[in-house]
Amino acid sequence: MEMIKRTLSKMVRVKTIPEDLHETPLNRCLNTIDITLLGIGHMIGAGIYVMTGTVVHDKAGPSVVISFLMAGAAAVLSALCYAEFGARIPKAGSAYSYTYVTVGELWGFLIGWNIILEHMIGAASVARAWSGAMDALFSQAIRNGTISTIGETCAIVIVVHVLEVVVVVVVLVVRVVVVVVVVVVVVVEVVVVVVVVVVVVVVVVVVVVILVVVVVVVVVVIVAVVLLVVAVVVVVVVVVVVVIVVVVVVVVVLVVVVVVVVVLLVVAVVLVVAVVVVVVVVVVVVVV
């Protein structure tokens, strides 16, 4: 199991980018115009000089303009992809280096051999196109001479055709594998993005719920404190009012008691004075 894990880890290990990535012994002497013309020169080949007439005559007709527009749109998208890769990984090596750094060693290995096969097919197609063009210039003299000298059903021709078929099949298989890998990588990236979005949404919802709960708790606490303060104030006011009422009643009662006592004292004094007066009058009358 450990051996399988080590093998798989070696197959998917990526190449590290060195710190001295931009350092090179080559002199950077090309400007934007030079690079643009170099790219145009790399794109222009048998597809434009040789195959255009055949495609227009036998396949597309006047709609070849639309074909060129669609091919140009596809080329622009491919150029944008390569521009992004070139900006992220500014190192020579084309798709091999980009795949090796981003995906892994195994896929870089497959892409490297795919590039070799692509160059082989490209060289073969260009050679065939230019040989056909040269043969057409000489009125099929090269083809007729070859057939008459070697023979049309020569074993070499059969072997060449078999090799062409094998190479085309291998190229198609490698391209299918690459497309599958790219689709898997895209699906994984989409799944990762969806998971990240879901996690972010869940975190945002949890944060919002926590904030709402905190706000509700704070509001409840504030309301409770306000109600408690109001209750305390009401109790204090009621106690003060009761105390004032009790004091007023006590004072009134004391005043009433004092008045009654004073009145009783006055009455008693008056009665005593009246009794004394009566006694004096009686005594006077008796004496007289």
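Modeller: Ala95, Tyr96, Thr99 and Tyr100 in α6 meet Glu105, Trp107, Gly108, Phe109, Ile111, Gly112 and Ile115 in α7; contact here means heavy atoms within 4.5 Å. Helices (H or I, at least four residues) are DSSP runs, numbered from the N terminus. Sorted by class, the contact of α6 with α7 has 7 nonpolar, 3 polar and 1 charged residues. For that sorting, Ala, Val, Leu, Ile, Met, Phe, Trp, Tyr, Cys and Pro count as nonpolar, Asp, Glu, Lys and Arg as charged, and the others, Gly among them, as polar.

Before going on, a word on the source: this is a predicted model, so local features need pLDDT of at least 70 and side-chain atom pairs count only at pLDDT 80 or more, while totals for chains, interfaces and linings use all residues. Residues are numbered from 1 along each chain as its sequence is written, and side-chain values use heavy atoms, with hydrogens and water left out. The pLDDT is the predictor's confidence in each residue, from 0 to 100, and the protein averages 80.

Back to our helices. The axes of α6 (residues 94–102) and α7 (residues 105–137) come within 7 Å and cross at roughly 170 degrees. Those axes are lines fitted to C-alpha atoms over the stretch in contact, and angles run from 0 to 180 degrees between N-to-C directions. So α6 and α7 are roughly antiparallel to each other, a label for angles over 145 degrees.

Ring pairs link Tyr82, Phe85 and Tyr98 into a cluster; rings pair if their centres lie within 6.5 Å, and planes under 30 degrees apart count as stacked, over 60 as edge-to-face. In total, the count comes to 3 aromatic pairs. One of them, Tyr82 with Tyr98, is edge-to-face, at 6.2 Å centre to centre and 65 degrees between the planes. This pair links Tyr82 in helix α5 (residues 64–88) to Tyr98 in helix α6, 16 residues apart. Tyr98 counts as buried at 11% relative accessibility, where buried means under 20% (1.4 Å probe, protein chains only). Phe85 and Tyr98 have ring centres 5.2 Å apart and planes at 5 degrees, so this pair is stacked. Phe85 lies in α5 and Tyr98 in α6, so the pair ties together parts 13 residues apart in sequence.

Notes. Helix = DSSP H or I, 4+ residues; strand = E, 2+ residues; numbered from the N terminus. Parallel < 35°, antiparallel > 145°, perpendicular 65-115°, else oblique. Phe/Tyr/Trp six-rings, centres within 6.5 Å; stacked < 30°, edge-to-face > 60°. Buried < 20%, exposed > 50% of the residue type's maximum accessible area, 1.4 Å probe, protein only.
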